[in-house]
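These are my notebook entries on a single protein chain.

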Amino acid sequence: MSLLLFISFLLFLLYAVLILFYRNGWNHCTETLVDKNRSPKTKVSIIIPARNEEASIGQLLKDILSQYYPTLLMEVIVVDDHSTDRTPDIIQTYQGVKYISLANHTNGERLNSYKKKAIEIAIQQSQGELILTTDADCRLGPYWLFSIVQHYENTRHQIIASPVEITSNGHWFQQFQSLDFMTMQGITGAVVQTKSGTMCNGANLAYTRAAFDAVGGFSTIDHIASGDDMLLMYKIETQFPQQFSYLKCKESIVRTTPMLSMNDFLQQRIRWASKAKSF
């Protein structure tokens with residue numbers, strides 16, 4: 001019993017040291033403030049894969065079309081991934097939004113990763129210098145795009161990760177997910193700051209069109225079911241070392257909904273873990 005207690009104490013101590021290391025890294029990660037007087041010059045393409053998102057896609061598109069950003073420098077592309085609800089109809093009611101049906105580009109072919117294919121097709125039809133991806137169930141503040149572009153124009157980094165927050169209605173399970181995700185965001189900023197690793201989330205990710213093309217897009221990783229964010233990040237970082245950054249900025253936060261059941265939560269984490277062997 002004493003040996004078990006000793007091992008437990010040792011593991012706790014190691015965990016505490018690791019968390020303190022991450023906390024120190026996060027505290028040294030400079031917070032960016034938005035300069036609302038500057039004039040952005042970067043053409044951006046916002047890409048949203050969507051599948052059966054009739055309950056949320058409209059709110060997201062309203063958020064995007066209300067962004068504090070020059071309209072002529074922004075294009076919005078939504079790729080419908082074989083939805084069986086009203087998602088396509090809702091998308092096509094918004095002027096200024098380009099609609100793509102993934103079914104028209106797959107010819108019935110079965111794919112391991114429909115999301116990667118959706119993003120790839122959208123990028124092929126995009127005109128932006130900077131690509132931004134988010135999810136159809138997310139909500140954005142009015143300076144989300146402006147803050148990311150400001151950081152890009154200041155750093156010229158090839159790939160930029162920005163924070164994602166899980167909203168909560170106060171239920172313990174949603175509170176748990178919110179806290180868990182907050183911790184991951186802190187670790188993301190900390191490992192980038194300390195140059196001890198890299199992390200990102202496709203719900204709030206930006207990368208240059210040039211970098212995507214330079215690494216061959218999703219080639220060599222398109223057979224993996226997930227990884228449209230992390231695996232692509234590793235490809236870009238390998239070819240463009242020191243060109244990755246984490247944007248610590250309140251205006252750039254993307255808010256998303258929690259999993260509603262324990263089964264959904266576990267399936268989400270299994271999907272995330274399934275790509276670990278491919279890193």
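**Entry 1: strand β4 and its neighbours**

I began with the residue that stands across from I46, and found that its bridge partner in β4 is L132. The model I consulted is a predicted one. I then looked up the strands as a whole: β1, residues 44-50, pairs with β4 in the parallel sense, over four bridges.

I next asked which strand is antiparallel to β4 and joined to it by four bridges. I found β8, which covers residues 205-208. Within this pairing, I131 stands opposite Y207 of β8.

I also noted where the side chains of β4 (residues 130-133) point. L130 and L132 point one way, while I131 and T133 point the other way. I recorded that all four of these residues are buried. In a regular strand, side chains alternate between the two faces of the sheet.

**Entry 2: an open sheet of three strands**

I looked up a sheet with the strand order β5-β10-β7 and found that it is open, with mixed pairing. Its edge strands are β5 (139-140) and β7 (164-166), each of which pairs on one side only. I noted that β5 runs antiparallel to β10 (residues 254-256) and is joined to it by two bridges. R139 has R255 as its bridge partner in β10.

**Entry 3: helix α9**

Which residues of helix α9 are buried? For this helix, residues 230-239, I listed M230, L231, L232, M233, K235 and I236. I then looked up what they pack against, and found β6 (159-161), β8, α8 (209-214) and β9 (244-246).

**Entry 4: S245 in strand β9**

I turned to S245, which lies in strand β9.

**Entry 5: salt bridges**

I looked up the number of salt bridges, and the count comes to nine. Side chains of opposite charge can pair when their charged atoms come close.

I examined K115 and D135, whose side chains meet in a salt bridge at 3.2 Å, N to O. K115 lies in helix α5 (residues 114-124) and D135 in the loop between β4 and β5, so this pair ties together parts that are 20 residues apart in sequence. I recorded K115 as partly exposed, with a relative accessible area of 29%. I also noted that K115, D135 and D228 are linked in a network of salt bridges.

K117 forms a salt bridge with E120, and the closest N and O atoms are 3.4 Å apart. Both K117 and E120 lie in helix α5, three residues apart, about one turn of the helix. An α-helix has 3.6 residues a turn, so residues three or four places apart point the same way. I recorded K117 as partly exposed, with a relative accessible area of 26%.

Finally, I looked up D180 and R269, which form a salt bridge with their closest N and O atoms 2.6 Å apart. This pair links distant parts of the chain: D180 lies in helix α7 (residues 172-193) and R269 in helix α10 (residues 262-274), 89 residues apart.

Note on methods: Residues numbered from 1 in each chain as written. Predicted model: local features only at pLDDT ≥ 70, side-chain atom pairs only at ≥ 80, totals over all residues. Heavy atoms only, no water. Buried < 20%, exposed > 50% of the residue type's maximum accessible area, 1.4 Å probe, protein only. Pairing = 2+ DSSP bridges. Contact = heavy atoms within 4.5 Å. Salt bridge = Lys/Arg side-chain N within 4 Å of Asp/Glu carboxyl O.
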